[in-house]
Amino acid sequence: VLLKDAAQVEELKSEIEAEGLLLIKTFGDDNHRATPVLEGMTLQTAEHSYYVSGNNGAVMEALRGLFLDCDAALGGHDLKRAYYALMAEGFSVQNHPAAFDTAIGQYLLQPSRSSYELDVIAMEAGISQLPSEQEFLAQTGQMTLFSDPGETNGAYGQLWCSVSEAV
């Protein structure tokens, strides 16, 4: 579901309140020298996967309110990236502890690994053929001017969240 208005954020809010868990994948530049740019994010519940563009100011503002009002745990892979991007965009994350982070889980199981990328972990577990984020970004960067990045990012974010939950 592509989040386009505040009414849809209310639907998401009711799902989060019922479940208490929100899977998340952020898309951005992960800049640590300047303020990072949040290009978009996927928010997934048991019922739906939602994608919002970072350029949709009204929906982003409604989501900031949702993060203030709801107390849901976050799940995903390498959540420090998501927390950092959210905080840089003015989201309150203090009431959103990490329920699970597959990168931390893999580190605890194999601390000597040199990489904790989700696509590698999923392949080793026999769960999914998830393209790496670099492969995905290279593919979407070559798309035509007529393609909708919300659809491609939303689809990849949904797969990312589902794989990280399965791992």
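**View 1. S92 in the loop between α3 and β5.** S92 lies in the loop that joins α3 (79–88) to β5 (98–101). The model shown is predicted. S92 counts as buried because its relative accessibility is 18%, and buried means under 20%. Leaving out residues up to four places away in sequence, S92 touches F67 and L68.

**View 2. L21 in strand β1.** L21 belongs to β1, which spans residues 21–28. L21 is partly exposed, at a relative accessible area of 24%. Beyond its neighbours within four places in sequence, L21 contacts I16, A72, A73, L74, G75, A99 and F100. A46 is 25 residues from L21 in sequence, and the two C-alpha atoms are 8.7 Å apart.

**View 3. The open five-stranded sheet.** The strand order is β3-β2-β1-β4-β5, and the pairing is mixed. β3 (49–53) and β5 form the edges, each pairing on one side only. From one strand to the next, the twist averages 25°.

**View 4. Pairing of β1 with β4.** Strands of a sheet pair through backbone hydrogen bonds, either parallel or antiparallel. Here β1 and β4 (residues 73–76) run in the parallel sense, with three bridges. L23 has G75 in β4 as its bridge partner.

**View 5. Helices α3 and α4 on the sheet.** α3 packs on the sheet and touches β1, β2 (38–44), β4 and β5. The direction of α3 makes about 75° with that of β1. Helix α4 (residues 102–109) also packs on the sheet, touching β4 and β5. The α4 direction makes about 60° with that of β5.

Key:
Residues numbered from 1 in each chain as written. Predicted model: local features only at pLDDT ≥ 70, side-chain atom pairs only at ≥ 80, totals over all residues. Heavy atoms only, no water. Helix = DSSP H or I, 4+ residues; strand = E, 2+ residues; numbered from the N terminus. Buried < 20%, exposed > 50% of the residue type's maximum accessible area, 1.4 Å probe, protein only. Contact = heavy atoms within 4.5 Å. Pairing = 2+ DSSP bridges. Axes fitted to C-alpha atoms, helices over the stretch in contact; angles between N-to-C directions.
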